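Thanks for coming, everyone. I'll walk through one model today, helix by helix, and then turn to side chains.

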Amino acid sequence: MTIGKLARETGTTVETIRYYEQVGLIAAPARTNGNYRAFRPADLERLRFIRRTRDLGFSLDEVRALLDMAIERDRDCGEVDELAKRHLNAIDQKIADLVALRRDLASVIARCAGGTVADCQILQTFLPRLPGKSGPGTAS
């Protein structure tokens, strides 16, 4: 299978496949007489696995660890479970951070009373508060 067909089959770009090859997530495939990459069905399955885990937000190091664990079919899956739980906890923390960010921004927007840019409470909130200054963004 050519790299273009592999890309189409997995919804991945050719550049991404080359990058995964460069960083060792995918083994360098055999080459045809015309020096084209010749991927095997196993490469397609591996790339589908990589694509799905990346879609779920796993880092390249986490994907590499999951791939290494997946090779040992008789291995206890406790490490896989722990890695997935750590990733889920990181997602939960990001969600909490985004909720707080949303709350803060909504509060700033709610204080907007209209008027001119010079009086804009949203912009005033974004200006740095310098020590010893009489107000945000104002000189003493």
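Let's start with a salt bridge. The side chains of E79 and R75 meet in one, at 2.6 Å from N to O. Keep in mind that this is a predicted model. How exposed is E79? Partly exposed, with a relative accessible area of 45%. R75 is partly exposed as well, at 29%.

R75 has another partner. Its side chain also forms a salt bridge with E72, at 3.3 Å from N to O. E72 is partly exposed, with a relative accessible area of 44%.

How many salt bridges does the count come to? Nine. One of them joins the side chains of D81 and K85, at 3.1 Å from N to O. These two sit four residues apart in helix α5, so about one helical turn separates them. D81 is partly exposed, with a relative accessible area of 37%. K85 is partly exposed too, at 43%. Elsewhere, salt bridges with shared partners link E9, E45 and R48 into one network.

Now the helix that holds D81 and K85. Helix α5 covers residues 78–110, which is 33 residues. From first C-alpha to last, α5 reaches 47 Å. At 1.5 Å a residue, 48 Å is expected, so the two values are close.

Which residues of α5 are buried? L83, H87 and V108. What do they pack against? Two helices: α4, residues 60–71, and α6, residues 121–126.

I109 also belongs to α5. I109 is partly exposed, at 48% relative accessible area. V108, by contrast, is on the buried list. Take I109 together with N89. They are 20 residues apart along the chain, and their C-alpha atoms are separated by 30 Å.

On to α4. This helix has 12 residues. Its end C-alpha atoms are 17 Å apart. The buried residues of α4 are L60, V63, L66, L67 and M69. What covers them? The cover includes α2, α3 (residues 41–55) and α5.

Two packed helices are described by the angle between their axes and the distance between the axes. Helix α1 spans residues 3–10, and helix α2 spans residues 14–22. Their axes come within 9 Å and cross at roughly 105°. The two helices are therefore roughly perpendicular to each other. Which residues make the contact? On the α1 side, I3, G4, L6 and A7. On the α2 side, V14, I17 and R18.

One more residue in α1: T10. Is T10 buried or exposed? Buried, with a relative accessible area of 10%. The cut-off for buried is under 20%. What does T10 touch, leaving aside its neighbours within four places in sequence? L44, L47, R48 and R51.

Now the aromatics. A pair of aromatic rings is described by the distance of the centres and the angle of the planes. How many aromatic pairs does the structure hold? One. The partners are Y19 and Y20, with ring centres 6.3 Å apart and planes at 50°, so the pair is tilted. For reference, planes under 30 degrees apart would count as stacked, and over 60 as edge-to-face. The exposure of the two partners is worth a look. Y19 is partly exposed, with a relative accessible area of 38%. Y20 counts as buried, at 9% relative accessibility.

Last stop: a backbone point. Most residues other than glycine have a negative phi. Which residue has a positive phi although it is not a glycine? N35, at about 70°. Where is N35 found? In the loop between β1, residues 30–31, and β2, residues 37–38. N35 is exposed, with a relative accessible area of 51%.

A quick recap to close. Helix α5 reaches 47 Å from first C-alpha to last. Its buried residues pack against α4 and α6. Helices α1 and α2 are roughly perpendicular to each other. R75 has salt bridges to E72 and to E79. And N35 has the positive phi. I'll take questions now.

Note on methods:
Residues are numbered from 1 along each chain as its sequence is written. This is a predicted model: local features need pLDDT of at least 70, side-chain atom pairs count only at pLDDT 80 or more; totals for chains, interfaces and linings use all residues. Side-chain values use heavy atoms; hydrogens and water are left out. Buried means under 20% relative accessible area, exposed over 50%, partly exposed in between (1.4 Å probe, protein chains only). Contact means heavy atoms within 4.5 Å. Rings of Phe, Tyr and Trp (its six-membered ring) pair if their centres lie within 6.5 Å; planes under 30 degrees apart count as stacked, over 60 as edge-to-face and the rest as tilted. A salt bridge is a side-chain nitrogen of Lys or Arg within 4 Å of a carboxyl oxygen of Asp or Glu. Axes are lines fitted to C-alpha atoms, for helices over the stretch in contact, and angles run from 0 to 180 degrees between N-to-C directions. Angles under 35 degrees count as roughly parallel, over 145 as roughly antiparallel, 65 to 115 as roughly perpendicular and the rest as oblique.
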